[in-house]
Amino acid sequence: MHHFLKHYLYLFYFTILMVYVFNIFAGIEILTYLIGAAAIPMLLLSFPGASRLFKILGSLFILAGVVLFLQSGRPALDFLEFMTTNMGLIALLMMLPWMNSVVRSGRFDRRINELMKTNVSNLGQLYGKATLTSYTLISFINLSALPLTQGVLKENLSNLSVNLRNKFISQTTLRAFSMALVWSPMEIMVAISVDATGVSYLVYLPWLLLFSVIMVSLDIVWGKIAYSKLPYEPVYHHEPRSLSIKQVVGKIIHLFLALAVFLTAVIIVSNLFELNFILAVTLVIFPFAALWALSMKRWYSFVSIGWHTWKARTNGMQNFVVLFVSLALFSNSLSATPLLQVIQDPFIAASDRPLVILFFIQLSYLLMSMIGVHPIATIGVLMEVITPLYDVINPLSLGIVLITGAMATASAATYGVTVTLTSMYTHQNPYRITIANLPFAIIYGTVGTLIAFFLA
């Protein structure tokens, strides 16, 4: 069994998720219940491989979900249907490695990372370059960009004190992560919020881009002021290769043009087949990545990198399977009981004070992330609670706060994936990373809330 879990779990996940996607088009009722039944062994097989934090969260959601379901008086078959509602999110996560792989096969990551090593005389200048480089890569390859950019910085800052180097790395890369993915259609929090509020992604996009530009500008200015007095002398462990700025700029333009085509394809597929945003992104990723690789004549590299990356990432999805399946049971069971109305009442009572509600949503994310609750778990509860507010507060405003509140935690959540990875890579206490980035996270959330309030 252990051998199966380690090497072949991806086959089990893939089969269930593809049947789920097929049934969205087929609409076979009995198949819905079979998928719900399959979610139970899916959960049980994933549980041993999940981290302690996700085991605790999953157990709490399952326990609360079962209790609430029993109180709801719903038919037993509804229990199985409740287990399926987050399968689309798991399917999206399963497909993301293919987009990462086409970027890596085109060697975009290597070329863009080289930009950090040129024409820099102090850490203030490096801060801006490191932030923009990380931002560009993270926009396309998500978490995979962190070890790449952090590795370059760690190598070239090795002559600095450990504390200064680690602080610089965690600030540039994690802040870039939160700023880059706030508008990305491949970011799970964006996809969830788009579907939850029913507002088109194209309506969100200009406001999220504006927010991202504001935060990048503020952060780069802050970095230049904070680090400009510290000299920078790069450490080369090998001869630096000559860098063509034109070539790097060309790669960046290529990436953003590809993203524009990807977004166009997602919108067309979504409208043509009347699909929700999450499913449209899921269906477009692989064919788009494959055609992109073919156009660059990188097919064999794409397949080689993609297959191994996809298999490894899918085999390692236990945390998210445990979280999403258990959260689906909890949120659906909660919405079927009178308890949901009790939780919603304070929000409805404060509906004439939208700024209070928007700030409370932001604060909920930050506080919950500090005790280890993943933003996806937080948004799962918030979505159920704030739905009645759509009639009195612009859903676009609520969606922007749902997104920016979640992404603010990426830079400072002590037990979050990004902070944990950075902590492991730089060998520093995660609380030290939280302290270094907490002021940024608070400003980030505040700016997001103010933009949302302006639109309310």
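The structure is a predicted model of a protein chain with 22 helices and zero strands. The radius of gyration of the chain is 22 Å, close to the 23 Å that the globule rule gives for 456 residues, so the chain is as compact as a globular protein of that length.

**Confidence**

- The protein chain has a mean pLDDT of 88, and 96% of its residues reach 70 or more.
- Confidence is highest in helix α12, residues 201-227, where the mean is 96.
- Confidence is lowest in helix α1, residues 2-7, where the mean is 64.
- Where pLDDT is low, the predicted coordinates should not be read in detail.

**Overall dimensions**

- Taken along the principal axes, the box filled by the C-alpha atoms of the protein chain is roughly 70 × 50 × 40 Å.

**Helices α2 and α6**

- Two packed helices are described by the angle between their axes and the distance between the axes.
- For helix α2 (residues 9-26) and helix α6 (residues 87-105), the axes come within 10 Å and the crossing angle is roughly 120°.
- The helices α2 and α6 are therefore oblique to each other, and their crossing is left-handed.
- On the α2 side the contact is made by F14, I16, L17, M18 and Y20, while α6 contributes M87, G88, I90, A91 and M94.
- Sorted by class, the contact of α2 with α6 comprises nine nonpolar residues, one polar residue and no charged residues.

**Helices α8 and α9**

- Helix α8 spans residues 123-141 and helix α9 spans residues 145-156; their axes come within 9 Å and cross at roughly 160°.
- The two helices, α8 and α9, are therefore roughly antiparallel to each other.
- The crossing in which α8 passes α9 is right-handed.
- From α8, the residues L126, A130, S134, L137, I138 and I141 meet A145, L146, L148, T149 and L153 of α9.
- Nine nonpolar and two polar residues make up the contact of α8 with α9, with no charged residues.

**Helices α10 and α22**

- The axes of helix α10 (residues 162-180) and helix α22 (residues 430-455) cross at roughly 35° and come within 10 Å.
- The crossing of α10 and α22 is right-handed.
- In α10, the residues that meet α22 are N163, K167, S170, Q171, L174, R175, S178 and M179; their counterparts in α22 are R432, I433, A436, N437, F440 and Y444.
- The contact of α10 with α22 holds six nonpolar, five polar and three charged residues.

**Residue F79**

- Residue F79 is found in helix α5, which covers residues 76-82.
- Apart from its neighbours within four places in sequence, F79 is in contact with V66, F69 and L329.
- F79 and L329 are 250 residues apart along the chain, yet their C-alpha atoms are separated by 7.5 Å.

Conventions: Residues are numbered from 1 along each chain as its sequence is written. This is a predicted model: local features need pLDDT of at least 70, side-chain atom pairs count only at pLDDT 80 or more; totals for chains, interfaces and linings use all residues. Side-chain values use heavy atoms; hydrogens and water are left out. pLDDT is the predictor's confidence in each residue, from 0 to 100. Helices (H or I, at least four residues) and strands (E, at least two) are DSSP runs, numbered from the N terminus. Axes are lines fitted to C-alpha atoms, for helices over the stretch in contact, and angles run from 0 to 180 degrees between N-to-C directions. Angles under 35 degrees count as roughly parallel, over 145 as roughly antiparallel, 65 to 115 as roughly perpendicular and the rest as oblique. A crossing is left-handed if the near helix is turned anticlockwise from the far one by less than a right angle, and right-handed if clockwise. Contact means heavy atoms within 4.5 Å. Ala, Val, Leu, Ile, Met, Phe, Trp, Tyr, Cys and Pro count as nonpolar, Asp, Glu, Lys and Arg as charged, and the others, Gly among them, as polar. The radius of gyration is taken over C-alpha atoms; the globule rule is 2.2 Å times the number of residues to the power 0.38.
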